[in-house]
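These are my notebook entries on a structure I looked up. The sequence and the model are shown first, and the entries follow.

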Amino acid sequence: MTRRSLRFATPIAALVLLAFVPTFGFGLGSLLPGPLSSPGTLQLFAVCLIFAGVALSYDLLFGFTGLLSFGHALYFAAGAYVSDIAVTRWHWSFAAACLVTAAVGLVLPLVVGAISLRTSGIAFAMVTLAFAQAGAILVQKNPRSWTGGDEGLGYDYTRVPAAFVGVFNTRNLYWLALGYAACVVAIVAWAVRSSPGRVWQAIRENERRIEVLGLRTRSYKLLAFVLGSFLATGGGVVYMLTVNGADPSVTTPDFTLTLLVMVVLGGTGTLWGPVIGGALYWYANQRLIAVGGSHAIQSLPGVLRTPLSQPLFVLGTLFILAVFFLPGGLVGLGTRGRAGRAARGSTGPSVEEGA
Amino acid sequence: MSTFVLLTITGLGLGAMYFLVASGLSLIYGLMGVLNFAHGAFLTVGAYATWFTESKLGGISSVGLRFAVASIIGLAAGALFAAVVELVLIRPLYLRHIEQVLVTVGLSLATIALVQGIWGSDARIYETPAWFHGTTDLAGTHIPNDRWLDIGAAVLVLAGLKVFLRSTRYGLIIRAGVENRAMVTALGIDVRRAFTLVFAIGGVAAALAGILSGVYFTSVDPARGTSLLIFAFIVVVIGGLGSLTGSAVASVVVGLSQQYVNYYSTGLGDLSVVLLLALVLLVRPATLAGRTA
């Protein structure tokens, strides 16, 4: 009984603590752009929390089901762009926009997943990448000037709930993002313990064996694909509110690769790894940009300065090192000593060769 | 009619570039089971090495000679970079395919960020011989000469690779390795040396694609590798993973359909390629099983 209540106690305590962050007036020096309660810090934290949730939704596919998708950006971008276009270009109410976004968030992965899951392994990765690229191109082409092309699409603030508009309401956005991340954690935790969730993990370990047992693995994989994508679409809506619109950077293949980096850095196939990885990655990415422009870095000789002022270079290198020396990610670091979990040696599921 | 000819030749030129990228990807995947995300970085390294060398060769007055020397350096840089990547990053993770993909992902992010950090994200202009900018008259239309260069290079690479795979000892090892790697190893042949070789070949082909894309677009920028890589992925999937001939046919189909659709609709060529991929998947999922044709 105590172990069970402990399992819930720590996350709930963390949630409560995080919920009170907007009331903390102190800062952490140069670690943060300002005091904890300042809009700048809360905005940074809000995006960190969104990416924590989206990274976990990606882990549902990659870590728990063994589906290496390179197209997760498509569903996040669909959430941001569809909701934004609905309120800004079609002048719909926010509730109606959310409804149509939810519909897109279900139908789009259902169609794309049904087609892509005809392949498996590496071919699946390439095919999902191609579909995501189609989405990126569509946003770029700016049909009927709906998407705003390269410049992105700022939202129409009169159509969005007033509680989420303006600098003073950044704390509400923070709570919204916190709520989103908590929901994703709760849903994924419940889903992977459910009966289909156990099948997902079995598919990751040995798909052929599950087929031999008489289960249609494709339906189960499609279920995981749709659920993970739908959760990402929700994150896209919260992101749209937090950054006041949609921008094309979230449609690119690089964005999916970023999610992959978050998941692997945090710990593949775990609940908390991607959450920590997603939040830390975004924090590091943003702070490295600030630090890269700081006096300490700028005064270094060019050989050191150029690489260190590029966050993606630093994070990409860290990622390679993590794959080599930190299998199991940051979470694996904490659990490595414990007996019984030592078996979690590899960083990811095995994808069978196509042959 | 003349527009159609121009579209066809341009489509073939684009397809040639896709093929150059796809051939290396396909060989690497066929032999080692590695999806090489860093292939775009090979392309970028080759293209930037060429541009950089050319800008340092002010002493040579002939543009043609300067470009030729720079291209050779660029190709060598691509090969060297690819071989080092295989030796240092891919080999220690032998047979752990997911980790290998992850490492190439990290490498591609880091390399492109580094290039951007050193030379900025703006396009760098290629200085090329005057002949490349000229046109040839064919069927009543002016065809830019660099299209012939693209097509010729791709045909040469395809023929060269075919001959290499058919009639050399290493070609034999690579073909056997694609078929059954475990058996080749069991026969006492060090198949890993072929891995490095295949990476180096892929690096040269990708660098060549990078240089040709520099000629085609008259400049090179850090994002070029990624954008070409995605179409190369589509080509590899449509052509069948691990099949060189399949990649060649698929790259022609993709390049042509992109050009035609782009012209006869309002710029939907890129989307049509993805649609084509979906269609191939729906009709013939079996071609994607990773078999060699």
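**Entry 1: A:Pro39**

I looked up the contacts of A:Pro39 and found that, leaving out residues up to four places away in sequence, A:Pro39 touches A:Val167 and A:Thr170. I took two residues as in contact if their C-beta atoms, placed from the backbone, lie within 7 Å. The model is a predicted one, in which local features need pLDDT of at least 70, side-chain atom pairs count only at pLDDT 80 or more, and totals for chains, interfaces and linings use all residues. Residues are numbered from 1 along each chain as its sequence is written, while chains are lettered from A and ligands numbered from 1 in the order in which they are written.

I placed A:Pro39 in helix H2 (residues 39-64) of chain A. Helices (H or I, at least four residues) and strands (E, at least two) are DSSP runs, numbered from the N terminus. A:Pro39 is partly exposed, as 19 other C-beta atoms lie within 10 Å. For this term, 20 or more other C-beta atoms within 10 Å of a residue's own make it buried, 12 or fewer make it exposed, and counts in between make it partly exposed, with C-beta atoms placed from the backbone. I also noted A:Pro22, which lies 17 residues from A:Pro39 along the chain, with 8.9 Å between the two C-alpha atoms.

**Entry 2: two residues with positive phi**

I noted that A:Ser145 is not a glycine, yet has a positive phi of about 45°. A:Ser145 sits in the loop between helix H5 (121-141) and strand S1 (153-154) of chain A. A:Ser145 counts as exposed because it has 9 C-beta neighbours inside 10 Å.

A:Asn244, also not a glycine, has a positive phi of about 60°. I found A:Asn244 in the loop between helix H9 (217-242) and strand S2 (245-246) of chain A. With 17 C-beta neighbours inside 10 Å, A:Asn244 counts as partly exposed.

**Entry 3: A:Ala279**

I located A:Ala279 in helix H11 (residues 272-292) of chain A. A:Ala279 is buried because 22 other C-beta atoms lie within 10 Å. Which residues is A:Ala279 in contact with, leaving aside its neighbours within four places in sequence? They are A:Cys48, A:Leu49, A:Phe51 and A:Ala52. A:Leu49 is 230 residues from A:Ala279 in sequence, but the C-alpha to C-alpha separation is 5.9 Å.

**Entry 4: H10 and H14 of chain A**

I examined helix H10 (residues 253-266) and helix H14 (residues 311-325) of chain A, whose axes come within 10 Å and cross at roughly 45°. Axes are lines fitted to C-alpha atoms, for helices over the stretch in contact, and angles run from 0 to 180 degrees between N-to-C directions. H10(A) and H14(A) are therefore oblique to each other; angles under 35 degrees count as roughly parallel, over 145 as roughly antiparallel, 65 to 115 as roughly perpendicular and the rest as oblique. From H10(A), A:Val261, A:Val264 and A:Leu265 make the contact, and from H14(A), A:Leu315, A:Phe319, A:Ala322 and A:Val323. Ala, Val, Leu, Ile, Met, Phe, Trp, Tyr, Cys and Pro count as nonpolar, Asp, Glu, Lys and Arg as charged, and the others, Gly among them, as polar.

I then followed A:Leu315, which counts as buried because it has 22 C-beta neighbours inside 10 Å. Leaving aside neighbours within four places in sequence, A:Leu315 is in contact with A:Val261, A:Tyr281, A:Ala284 and A:Asn285.

**Entry 5: H11 of chain B**

I turned to helix H11 (residues 244-264) of chain B, which has 21 residues and reaches 30 Å from its first C-alpha to its last. Its buried residues, among them B:Leu244, B:Val252 and B:Gln259, pack against helices H1 (2-32), H6 (145-167), H10 (224-239) and H12 (269-283) of chain B.

The axes of H11(B) and H12(B) come within 7 Å and cross at roughly 135°. That makes H11(B) oblique to H12(B). By class, I recorded 4 nonpolar, 6 polar and 1 charged residues in the contact of H11(B) with H12(B).

**Entry 6: the contact of chains A and B**

How many residues does the contact take from chain B and from chain A? It takes 39 residues from chain B and 40 residues from chain A. H4(B) gives the most to the side of chain B that touches chain A, with 15 residues. I recorded that side as 28 nonpolar, 8 polar and 3 charged residues.

Terms used:
Expected span 1.5 Å × (residues − 1).
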